[in-house]
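Please look over the sequence and the structure before reading on.

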Amino acid sequence: MKRTLTLLLALGGLAAVALVVAPLTATAVPAPSDTVRSVSMDDDDEEESPPCHRTEFETELVKKACAEGGQFAAKDAMKRFVREAKTKLALGEVDCRTCHDVLAPEYSLKADGMKLFNEWKTKLEAAK
Ligand code: HEC
C-alpha cells in the first residue's frame with residue numbers, strides 16, 4: 001500500500017514537471033510549429049474535392065451534390081440527411097455504416113443500403 005502511494009506521488013510529480021516543461025519547450029521553438037500550422041491550413045482551404053466515386057446515381061440528393069461539389073459535397077449532404085433522419089425519426093443508433101460497408105473513397109452500399117435510404121426519405125417527407 002505504501003509503495004503504491006509512493007508510486008502515485010512520484011507519477012504526480014512527473015505530471016507536474018511535464019506541465020511546467022511543456023509550455024516552456026513550446027515557447028522555445030515557436031517558429032517551426034507556426035510555419036507548419038499555417039501551411040497545412042492553407043492546404044485545407046485549397047483542397048479540392050475528388051469527384052464522386054459513383055457515376056450513376058439512384059438518388060437526387062447525391063447526384064446533385066456530386067455534380068456541384070464532388071465527394072466532399074456528397075459527404076456533407078449525407079451527413080445532413082442522416083442527422084435529420086436521426087432527429088426526426090425514431091431510428092436508435094445509426095451512422096454511416098448502417099448503409100455503407102466501406103467509407104471513403106468507395107462508399108459502397110450494404111445490401112439494404114439503398115432500401116433504407118428510400119425508407120428514411122419517404123418517412124422524412126411524410127413527417128414534413
Ligand atoms: C440510410 C442509408 C445511408 C446512410 C445512413 C448513409 N448513406 Fe451515404 N449513401 C447512401 C446511398 C443509397 C448512396 C448512393 C446514392 C445514389 O446512388 O444516388 C450513398 C452515397 C454516398 C456518397 C457518394 C459516394 C461516391 O463518391 O459515389 C457519400 C460520400 C456518402 N454516401 C457518404 C455518407 C456518409 C459520410 C454517411 C454518414 C454520415 C452516410 N453516407 C450515411 C445511403 C446512406
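Where is the place of Leu 61? Leu 61 belongs to helix H3, where helices (DSSP runs of H or I, at least four residues) and strands (runs of E, at least two) are numbered from the N terminus. The model is a predicted one, in which local features need pLDDT of at least 70, side-chain atom pairs count only at pLDDT 80 or more, and totals for chains, interfaces and linings use all residues. Residue numbers start from 1 along each chain as its sequence is written.

**Overall make-up**

- The protein contains 4 helices and 0 strands, and its elements run α-α-α-α from the N terminus on.
- Of the 128 residues in the protein, 8% are buried; a residue is buried if 20 or more other C-beta atoms lie within 10 Å of its own, exposed if 12 or fewer, and partly exposed in between, with C-beta atoms placed from the backbone.
- Among the contacts with a separation of 6 or more, 26% join residues 24 or more positions apart; two residues are in contact if their C-beta atoms, placed from the backbone, lie within 7 Å.

**Helix H3 and its kink**

- Helix H3 covers residues 60-88 and spans only 21 Å between its end C-alpha atoms, whereas a straight helix of 29 residues would span 42 Å at 1.5 Å a residue; the expected span is 1.5 Å times one less than the number of residues.
- A kink of about 135° in H3 is centred on Gly 69, the bend at a residue being the angle between axes fitted to the seven residues ending there and the seven starting there.
- Leu 61 is partly exposed because it has 15 C-beta neighbours inside 10 Å.
- Leu 61 and Ala 77 are 16 residues apart in sequence and 7.1 Å apart in space, C-alpha to C-alpha.
- Not counting residues up to four places away in sequence, Leu 61 touches Ala 77 and Phe 81.

**Buried residues and the nonpolar core**

- Val 62, Ala 65, Cys 66, Ala 74 and Ala 85 are the buried residues of H3, and what covers them includes helix H4 (113-127).
- The largest nonpolar core has 5 residues, namely Cys 52, Val 62, Ala 65, Cys 66 and Ala 74; such a core is a set of buried Ala, Val, Leu, Ile, Met, Phe, Trp, Tyr and Cys residues joined through C-beta atoms within 7 Å.
- Ala 74 touches Cys 52, Val 62, Ala 65 and Cys 66, leaving aside residues up to four places away in sequence.
- In soluble globular proteins, nonpolar side chains tend to be buried together.

**The loop between H3 and H4**

- Leu 89 lies in the loop between H3 and H4 and is partly exposed because it has 15 C-beta neighbours inside 10 Å.
- Leu 89 is in contact with Trp 120, Lys 123 and Leu 124, leaving aside its neighbours within four places in sequence.
- Between Leu 89 and Ala 127 the separation is 38 residues in sequence and 8.5 Å in space, C-alpha to C-alpha.
- Pro 105 is found in the loop between H3 and H4, and the peptide bond from Ala 104 to Pro 105 is cis, with omega near -5°.
- Tyr 107 has its place in the loop between H3 and H4; its phi is near 50°, a positive value in a residue other than glycine.
- Tyr 107 counts as buried because 20 C-beta neighbours lie inside 10 Å.

**Helix H4**

- Phe 117 is found in helix H4 and counts as buried because it has 21 C-beta neighbours inside 10 Å.
- Phe 117 touches Thr 59 and Cys 99, not counting residues up to four places away in sequence.
- Phe 117 and Thr 59 are 58 residues apart in sequence and 8.9 Å apart in space, C-alpha to C-alpha.

**Surroundings of the ligand**

- The ligand is surrounded by 27 residues, the closest being Cys 52, Arg 54, Phe 57, Cys 96 and Cys 99; a residue is near a molecule or strand if its C-beta atom, placed from the backbone, lies within 6 Å of it.
- H3 and H4 are the elements that give two or more residues to this shell, and the largest share, 8 residues, comes from H3.
- The shell around the ligand divides into 15 nonpolar, 6 polar and 6 charged residues; Ala, Val, Leu, Ile, Met, Phe, Trp, Tyr, Cys and Pro count as nonpolar, Asp, Glu, Lys and Arg as charged, and the others, Gly among them, as polar.
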